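Hi there,

Here is the structure I promised to pass on to you. Have a look at it first, and then read my notes below.

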Amino acid sequence: MIETLGVTKAYGKDEYAVRDLSIKVEKGEFAFLTGPSGAGKSTLLRLLLLQERPTEGQIIIEGRDLQSLTPSEVQAYRRMVGFVFQDFKLIPTKTVFENVAFVLRVLGQPVEQQRRRTYTVLKWVGLQHRHNAYPLELSGGEQQRVAIARALVNEPHIMLADEPTGNLDPDLSLEIMNLFRDINASGTTVLVATHDRELIKWVGRRVIQLDHGHLAGTAPPPPPPEPLL
Amino acid sequence: MTVLAYSIDEALASLRRSGKSAAVSVGTIAIAFITLGGFLLVSVNIQDVLDRWLEAAEISVYLHDTATSEERAALQDFLRARPEVAAVEYVSNESALQRFRKDFPELADVTSSLSQNPFPSALEVRLRGDDSGASAETLAREVSARSGVADVQFDRTWLARLLGVVNSARLAAALVAGILMLGAAFTVGAVVRLSLYARRDELEIMALVGAPFSYIRGPFVIEGLLLGGLGATVALMVVGVLYSFAGQSLGSNLAGLAEDGQLRFLGYGEIALMLMGGIVVGAAAGTLASRAAHR
């Protein structure tokens, strides 16, 4: 479960990116974080990834207060969180396979396990045939699928995504959202930040609305959606 | 894959990528260590010469013609009891004359024409090589005050002074080598920071996926270590070439100074000191620079 209790993130005096924000995402839930530019969506995700620390308030993930974590514990915490960014953040000098296997490599996994697990997730996102390609040889949708494969390869409990379809056309966006639904179906908690209302409507999950760093409201999950593709 | 294997892999890849800047870094470290190695080479050879001279150093105690055999025996007992004394030999005035005639045969006729033996009897005192010189000077003063002694000649004073000068020069050279090494460490740090910058995307991903700090920083520590070790190895090779060149060109001039007229190369201890120095300086610079990797 993800829970924030009165979280505030200020940059200087009277410049609040997030202010007194209390939200809750249940374990195994798929929720959207939405709002206009500057609403605080990305800041909240950065706080959840511990790229930044809140100025005030508490963030509780699976019962642990993130404020109390030491630097080594932060790294251990991040191993159970997958992340996907709008700009993919792939390493251009590494192949698709290397980009995904890299995560397991730097976590000290045995080579055979790296190979097996990487091929499994590449197959799952439908890119096993492009494992030798470099990121710049791929389409935007393919690059985002590599990023999702990289986020999944370590079997995270939580998946965070910041505008994952921001650079993609509507068809590719639906394709990516289908992947997130499948990830969620396997029990992973998914929190996707997006300002794409059409996409939210199509996917049909609970929405957490932010505005100027405040919680503007939550919309309950609509009835189960039809398959997208 | 262990953190060490991963770090070595990445460090080698980074060195291949950085090419020229890595070469500059190795060169800077090499210059610092060539200075240190050259200084060590000169130092060990001067020390050898001084040690031999110090071992051969003596106190000559000249006796009055009127000195009795009891006074001489008491003096010998006194000297042999002293810890800084290695040996005491009595040279009678007759023996001294014979030695002179043997060493300077062309002047033998001169001594024959003398009505009496001009050489005094003497005690030749050989000192231990490890003695500092200060206690020998005290001994010389004490001996000169004893009865039966006409004069005392001590030839270690100038050697002790020379040793002092050499020690000062050694300190100055160590200081220069230290400053150069500090410069070398900064260069290694700069090269490691360049690698860090080149890999910033990877480092960001590593931090976000929760890679242990040893995996994040390890490659940069190993890179510094390799640069330092490589620089020291290059320096040793250059010092080796300088040594053989100096041995050839100075050989005849050294005949009277160095043992067998040959310069001595650095011993295993000095070689290990240089290699370890390079590795430690490089690894320390890499460790400091790598702190920025997970900020």
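Strand β7 (residues 158-162) of chain A pairs with β8 (residues 189-193) in the parallel sense over 5 bridges; strands are DSSP runs of E with at least two residues, helices runs of H or I with at least four, both numbered from the N terminus, and two strands pair if DSSP finds at least two bridges between them. From β7(A) the chain crosses through helix α6 (residues 170-185) to β8(A), a right-handed β-α-β crossover (with the strands pointing away from you, the path from the first strand over the helix to the second runs clockwise).

This is a predicted model, where local features need pLDDT of at least 70 and side-chain atom pairs pLDDT 80 or more, while totals for chains, interfaces and linings use all residues. Residues are numbered from 1 along each chain as written, chains are lettered from A and ligands numbered from 1 in written order, and side-chain values use heavy atoms, without hydrogens and water.

β8(A) also runs parallel to β3 (residues 30-34) of chain A, joined by 4 bridges, and there A:F30 partners A:V190. How many of the residues of β8(A) are buried? The count is 5 of 5, where buried means under 20% relative accessible area, exposed over 50% and partly exposed in between (1.4 Å probe, protein chains only). A:T189, A:L191 and A:A193 point one way, A:V190 and A:V192 the other. In a regular strand, side chains alternate between the two faces of the sheet.

In chain B, B:L12 lies in helix α1 (residues 3-18), and B:L12 counts as partly exposed because its relative accessibility is 40%.

Happy exploring!
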